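Subject: Structure handover

Hello,

Here is the structure we talked about. Please look it over, then read the notes below.

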Amino acid sequence: MNIGIYIYDEAEVLDFSGPFEVFSTAKRLGAENWNVFLVAETLEPVKARGGFNVLPHYSFQNHPSIDLLVVVGGVHTREMHKENVLNWLVSVDREANTVASVCTGAFLLANAGLLKDLPVTTHWEDIPDLKRGFPELLVMDNQRWVTSGKYTTSGGISAGIDMSLYLVSRLHGQELAKSVAHQMEYKWQKCT
């Protein structure tokens with residue numbers, strides 16, 4: 001299974017590094033056939049929040065097929081209006097079995113038209129903007145993550161780790177998810 005995490009300039013570091021750690025640890029502990037990688041528009045270095053420079057593994061033009069797409073948040077306003085980004089999200093969505101977002105990554109998925117009429121969440125600070133910008137969405141407060149069909153959206157930053165552990169449990173089993181959380185010495189905050 002190919003797990004692609006979409007990154008861009010001013011992406012929140014823990015939004016992509018947290019899920020990357022969860023999925024790559026899952027690969028080490030039992031999901032041997034998982035391939036986890038970072039995708040960006042180009043192969044140029046991405047300057048994430050705080051000046052953290054990251055080299056993507058793939059670009060829009062050369063990545064393998066993606067079974068699970070994770071769209072991260074950060075300073076997203078410029079990103080969500082790029083036609084090539086929106087078109088790429090729609091094209092990957094057609095093939096992917098699971099599409100997820102961390103934090104304000106939900107804005108990108110919503111602007112690409114992928115979350116219409118679905119329950120979603122994002123960082124608590126951005127809930128009012130998501131409601132205002134996309135009134136057709138059922139935006140939920142006080143949720144670590146929300147799932148509807150193949151789409152899962154999470155709250156901000158560390159909530160992406162909880163969501164990723166949930167996705168491990170859904171895609172490979174609860175025991176592996178528990179083992180990953182234990183290996184990471186992370187207290188998994190499950191939704192109730």
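Start with Phe 107, which is found in helix α3. Helices (H or I, at least four residues) and strands (E, at least two) are DSSP runs, numbered from the N terminus. This is a predicted model, in which local features need pLDDT of at least 70, side-chain atom pairs count only at pLDDT 80 or more, and totals for chains, interfaces and linings use all residues. Residues are numbered from 1 along each chain as its sequence is written, and side-chain values use heavy atoms, with hydrogens and water left out.

Phe 107 counts as buried because its relative accessibility is 5%. The classes use relative accessible area: buried is under 20%, exposed is over 50%, and partly exposed is in between (1.4 Å probe, protein chains only). Leaving aside neighbours within four places in sequence, Phe 107 is in contact with His 76, Met 80, Thr 122, Asp 126, Asp 129, Leu 130 and Phe 134. Contact here means heavy atoms within 4.5 Å. Pro 56 is another matter: it lies 51 residues from Phe 107 in sequence and 22 Å away in space, C-alpha to C-alpha.

Now the sheet. It is open and has 7 strands, in the order β5-β2-β1-β6-β7-β11-β10, with mixed pairing. Two strands pair if DSSP finds at least two bridges between them. β5 (58-59) and β10 (145-148) stand at the edges with a single partner strand each, so one side of each has no neighbour in the sheet. Helix α2 (residues 83-95) packs on the sheet and touches β1 (2-6), β2 (35-40), β6 (68-71), β7 (98-102) and β11. The direction of α2 makes about 150 degrees with that of β6. Axes are lines fitted to C-alpha atoms, for helices over the stretch in contact, and angles run from 0 to 180 degrees between N-to-C directions.

Next, the pairings. β10 and β11 (residues 151-154) run antiparallel and are joined by 4 bridges. Trp 145 stands opposite Ser 154 in β11. β6 pairs in the parallel sense with β1, over 4 bridges. The bridge partner of Ile 3 in β6 is Leu 68. β6 also pairs in the parallel sense with β7, again over 4 bridges. There, Val 71 stands opposite Ser 101 in β7. Leu 68 and Val 70 point one way from β6, Leu 69 and Val 71 point the other way, and all are buried.

On to the aromatic rings. Rings of Phe, Tyr and Trp (its six-membered ring) pair if their centres lie within 6.5 Å; planes under 30 degrees apart count as stacked, over 60 as edge-to-face and the rest as tilted. By this rule there are 8 aromatic pairs. One of them is tilted: Tyr 6 and Trp 88, at 5.3 Å centre to centre and 45 degrees between the planes. This pair links distant parts of the chain, with Tyr 6 in strand β1 and Trp 88 in helix α2, 82 residues apart. Tyr 6 and Trp 88 are both buried. Phe 107 and Phe 134 form an edge-to-face pair, at 6.3 Å centre to centre and 70 degrees between the planes. Phe 107 lies in helix α3 (residues 105-111) and Phe 134 in the loop between α4 (127-133) and β9 (138-139), so the pair ties together parts 27 residues apart in sequence. Ring pairs also link Tyr 6, Tyr 8, Phe 60 and Trp 88 into a cluster.

Then helix α6 (residues 174-183). Its Leu 176, Ala 177, Val 180 and Ala 181 are buried. Seen down the axis of α6, the buried residues fall within an arc of 135 degrees, so they line one face of the helix. The arc is that of the directions from the helix axis to the C-beta atoms. What covers these residues includes α1 (13-29) and α5 (159-171). The face turned away from the buried side carries the exposed residues Glu 175 and His 182.

Last, the backbone. Asp 117 has a positive phi, near 65 degrees, and is not a glycine. Asp 117 lies in the loop between α3 and β8 (119-120) and, at 62% relative accessibility, counts as exposed. Ile 157 has a positive phi too, near 50 degrees. Ile 157 lies in the loop between β11 and α5 and is partly exposed, with a relative accessible area of 28%.

Best wishes
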